Amino acid sequence: MKLSLLVRGLSVSALALAVACSSGSHDATAPADPSVDQTAPQADGPLPPEAAYDNTPSTDVDRTIQISAAELALSPDLVRAPHGGIHPSCLHELGDGDVVDTDGSIKSADGHVQTFAPCAFPVHKVHADAPVAPENGVQPPTDNGWTEDANWTSPVPVQRFSAQFHVPAAPSVYTNQLIYMFPAIEDVAGTSIVQPVLQYGNNGAWGGNYWTIASWLGGGQWGGHYYYSAARRVTTGEVISGAMYDTRQCHPAGCQWAVSMHNSKNTANLTVYAIAGISWRWVFGGAIEVYGINSCRKYPATYDNFFSFAITDYAGHRHTPTWRPSINVHTCGERITSNSSIVNLYY
């Protein structure tokens, strides 16, 4: 896996930060009204033809899956997050207008500041990492250890990444398993992550036998802490729109980043904000992470796809990704097909 709950840097010089943020204000306060932020996901238009909802069953056999020793060894005190097992003291819900600073503290819109010591507990992954080949002159440390993902390393820092994906059918069998699906961006050292997340099951903070969405961010950039928005229930067949972007509001420690998402039945965005002084180049077009799945029928009952990718750098240039698959579980026909426009996850 990668980073933790809610779910898988490099230092940036002062000069690089100044250039990247030169067009923004120097106010670290979140925008008062995120709904007017034109870089956030907007109301959805027609989908591209290749993104039609696929209701093909995800598996026609029920195989037994061996849960990894690392997952079985997870302490019950840890929260099962999108990026791994996280200690509850290192996990925080953000309210409207809250902004996370680089020391992990939370500044609220009313000026109140919550401070935290660096997280004393490491993130625990439940699937083994695999080597990742260099790309665009960068050598990521390993993959995320997520169940499967499609990733690409940008040749330059990313200023904005957005994507859409469907809510698949619920698992045909539910025994309190936990499923996360998301696009994401990380620094190439794999220390920090921003991600709009679709969840099935209960992670210890919310959820159950239904789908929810919430925006997440966390990792070493913020003292090893992880943060998430309020959650919202969604239904099978809906389209989820998510965006991760530099708002270009900067101060000496870095620029303010946002993770924002909504569903097709409710286009009000769920958004979290944080100051980040690192560059983001490791892009994930689609990923799935799971806990407690010991049968193929406990996966979502239909496949899922990610599409409508938009990757922009600080010069305003659009980039076309070449997605490479990473699969860490091989029991239920897990596989990935992709081109620059779509990522299909099969399980």
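The questions below concern a predicted model.

Biologist: How many disulfides does the structure hold?
Modeller: A disulfide is counted where two cysteine sulfur atoms lie within 2.5 Å. Cysteine 90 and cysteine 119 meet this with sulfur atoms 1.9 Å apart, cysteine 250 and cysteine 255 with 2.1 Å, and cysteine 296 and cysteine 332 with 2.0 Å. The number of disulfides is three.

Biologist: Is the disulfide of cysteine 296 and cysteine 332 right-handed or left-handed?
Modeller: Handedness is read here from the torsion about the S-S bond, which is about -90° for cysteine 296 and cysteine 332.

Biologist: Is cysteine 119 buried or exposed?
Modeller: Its partner in the disulfide is cysteine 90, which has a relative accessible area of 1% and is buried. For cysteine 119 the relative accessibility is 18%. Buried means under 20%, so cysteine 119 counts as buried.

Biologist: What is the C-alpha to C-alpha distance between serine 154 and tryptophan 282?
Modeller: Serine 154 lies in the loop between strand 7 and strand 8, and at 1% relative accessibility serine 154 counts as buried. In sequence, serine 154 and tryptophan 282 are 128 residues apart. In space, their C-alpha atoms are separated by 6.4 Å.

Biologist: Which residue has its backbone oxygen 2.6 Å from a polar atom of the side chain of serine 154?
Modeller: A polar contact needs a pair of N or O atoms within 3.5 Å. At 2.6 Å from a polar atom of the serine 154 side chain lies the backbone oxygen of valine 156.

Biologist: Is asparagine 176 buried or exposed?
Modeller: Asparagine 176 is found in the loop between strand 8 and strand 9, and its phi is near 70°, a positive value in a residue other than glycine. The cut-off for exposed is over 50% relative accessible area. With 62%, asparagine 176 is exposed.

Biologist: In which strand does serine 308 lie?
Modeller: Serine 308 also has a positive phi, near 55°. With a relative accessible area of 28%, serine 308 is partly exposed. The element that holds serine 308 covers residues 304–313 and is strand 18.

Note on methods:
Residues numbered from 1 in each chain as written. Predicted model: local features only at pLDDT ≥ 70, side-chain atom pairs only at ≥ 80, totals over all residues. Heavy atoms only, no water. Helix = DSSP H or I, 4+ residues; strand = E, 2+ residues; numbered from the N terminus. Buried < 20%, exposed > 50% of the residue type's maximum accessible area, 1.4 Å probe, protein only. Polar contact = N/O pair within 3.5 Å; in protein donor to acceptor, adjacent residues only side chain to side chain.
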